[in-house]
Amino acid sequence: MVIVISVVFCLMRLLPVEGYFGSRSDAMNEKVKQQVLTQLGLLDPWYTQLLKFWKNLILHGDMGKSIVYRTGVPNAEIIASKAGYSLGFGLAALILQKLIGLPLGVLMARFKGKFLDKLGSTYILLINAVPEAVYFLMIQLYVSDFFHWPMLHKAGNSMSYLLPVICLALGGIATDALWMRRYMVDEMNKDYILLARAKGMTSSAVSFKHVMRNAFVPMAQSLPTAIIFTISGSLYVESLFSIPGMGGLLVTAIQRQDNTLVQAMVLLFSAMSVGGLLLGDLTMMLCDPRIRLAGKKESR
Amino acid sequence: MEIAPGQRILSAENLVVKFNLRGQTLTALRSVTLDLYKGESLAIVGESGSGKSVFTKSFLGLLDNNGWIDQGHIYFDRDPAVHDYAESNRGVLYRMDLATFKRESEWLPVRGKRIAMIFQDPMTSLNPLRTIGKQIGEAYKLHHKCTAAEEKRRVLELLADVGIQDPEMRIKQYPHEFSGGMRQRVVIAIAMACNPEILICDEPTTALDVTIQAQILSLLKRLQREHQLTVVYITHDLGVVANVADRVAVMYAGDVVELGTCAEVFHDPRHPYTIALLLSLPQLGVRGEELYSIPGSPPNLFTEIRGDAFAARNVNALKADFVERPPYFAVSPTHKARTWLLDPRAPKVAPPPQLRNIKNLSHLRLDGGITK
């Protein structure tokens, strides 16, 4: 994580300095430019800058202030104001996705080769084959028209939350159903499923007690990461429904060379991925008794 | 073991099992008839694909989804605990035909409770995510209403019975904390949970190393004795057969070609396939000479088989072997084989002299080999 942030920090410094002056670049003379740069501390050698950055971060929890995007506003504040939206929509979509995707996968596996399985597969294929942009747009245009729901997001209008959430969840439902079905089918062919049936268990009890839990374990690992990453938002859905979320922030920040904002976001995202992976492993450990953290009692 | 007629516990009659594979129909069992007697141990031997597993799985309704019982019957006594014997005295309901079972609900009271099964590989037959105690307890709980305490008591009892030390601690452990032999003991405990009448062991020792094999077999023998079990062993290890079986059924291409007591089949084999099978025992080989192997390969079960399925690989095959399926010829009251060679009109074929080397069955036991 430290390495990622430091590397991005240095890379940002390699960009041409013109970016820092924004549209006023042409109007400034050389002296003013130098002054701005000095003020920002950009003329110091790179290692001094890097050290200063880390010192502020660790000692004061300070992620710096935005230079261009919203000049002078602390980055933490900018991110916090946007992350709330993305987190809200993202979590809602994630819950919807798991609530529909996982049971769909389970049902598809149980009725493998039957109508329901084929219907589900068609859905998965469609979602993966058609570019998001196309079906998001169709949903926005036609569904909102059909139900007379607002096309754009408006704070306080509960109906306007629905479509973005559905859009966000559609792709995830397909992925979840696909993997859940696959893991279920894998599990169903295991010997212990046959043994469980030979004990005299009903096939629904077998699917529930033996197949589903075992199939869920590999799914569980990705869960924490998915939860955390709802923060980063979706560029497309957010711009389509004009939700002031995180989606476009990173792109904008890089384009406009708002170094400190980029750093703050990279810091956040890399912390999120590392944390997510760790949580994922911990979840796995809870679900699967065979997995233990190294250092603990080694089995067999 | 004394085999008293009339103590039949299960009998399969003209059982035909078919599978649908990629649009083609495969006949896995071609009219198998076999009786199982109370308290005996029967070994079913035969090469892979001869229908051994399919045959026993059909007793439990555990055929794969693409398989079905096409013809025939599997008669099994009704459960005296469930059914009223007054009814059975009227002669109608005493036996039920497992081959007619269609719904899962019909099978549930049989599976685990009356017929239990042990599978080949103990490494994969336990759910890795559930404790041993839960998995054994589950088998008991499915057929008995009981409190958690009763369930636990039964699990402890079972674990002790299959020879697992320190059951109190083991009960909370997961399968990966057990060795292969221990896991097979756990699988046996699961099978024994409801005191079944028939125990089917599908290659119970194939996945284990030799010393553990011996332990597991003696465990199975002890359990059989103590609980008056009827045990069916499926195996291709003739050493195991010699060690545990009272009777042997030799299967080839979906049919029982020879059936007899252990001694009869080993010392006086009549079907050419049985003879060939015994000849290929490595213990009969002479140092420096190539070991015997059966020429050719088993017939294609997708096509209908005419005559004796083994005829094409049999050097002594008669013309009749290619035309008509041989009936069973009785050699003794307990020994019969399906080959035209036993017909009174058939020429006498002397058994290969090497077979005389199988003098003492005990030498065959457990890879001891035949010592000179």
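**View 1. Helices H4 and H7 of chain A cross in a right-handed sense.** In this predicted model, we start with helix H4 (residues 75-110) and helix H7 (residues 159-188) of chain A, whose axes come within 6 Å. The angle at which H4(A) and H7(A) cross is roughly 35 degrees. Nonpolar residues number 21 in the contact of H4(A) with H7(A), alongside five polar and three charged ones.

**View 2. Chain A is built from helices, with 13 of them and zero strands.** Follow chain A from the N terminus and you will read α-α-α-α-α-α-α-α-α-α-α-α-α. Of the 300 residues in chain A, 30% are buried. Looking at contacts in chain A with a separation of 6 or more, you will find that 70% of them join residues 24 or more positions apart.

**View 3. Helix H6 of chain A (residues 132-147) has the length its residue count calls for.** At 1.5 Å a residue, the 16 residues of H6(A) should span 22 Å, and the end C-alpha atoms are 21 Å apart, so the two values agree. H6(A) is hardly covered, with one buried residue among its 16.

**View 4. Chain B meets chain A through 26 residues, which are in contact with 21 residues of chain A.** Three elements of chain B each give two or more residues to the side that touches chain A: strand E6 (115-118), helix H4 (132-141) and helix H7 (180-192). If you sort that side of chain B by class, you get 14 nonpolar residues, six polar and six charged.

**View 5. B:Pro351 sits in the loop between strand E12 (335-337) and helix H13 (361-364) of chain B.**

Terms used
Residues are numbered from 1 along each chain as its sequence is written. Chains are lettered from A and ligands numbered from 1 in the order in which they are written. This is a predicted model: local features need pLDDT of at least 70, side-chain atom pairs count only at pLDDT 80 or more; totals for chains, interfaces and linings use all residues. Helices (H or I, at least four residues) and strands (E, at least two) are DSSP runs, numbered from the N terminus. The expected span of a helix is 1.5 Å times one less than its number of residues. A residue is buried if 20 or more other C-beta atoms lie within 10 Å of its own, exposed if 12 or fewer, and partly exposed in between; C-beta atoms are placed from the backbone. Two residues are in contact if their C-beta atoms, placed from the backbone, lie within 7 Å. Ala, Val, Leu, Ile, Met, Phe, Trp, Tyr, Cys and Pro count as nonpolar, Asp, Glu, Lys and Arg as charged, and the others, Gly among them, as polar. Axes are lines fitted to C-alpha atoms, for helices over the stretch in contact, and angles run from 0 to 180 degrees between N-to-C directions. A crossing is left-handed if the near helix is turned anticlockwise from the far one by less than a right angle, and right-handed if clockwise.
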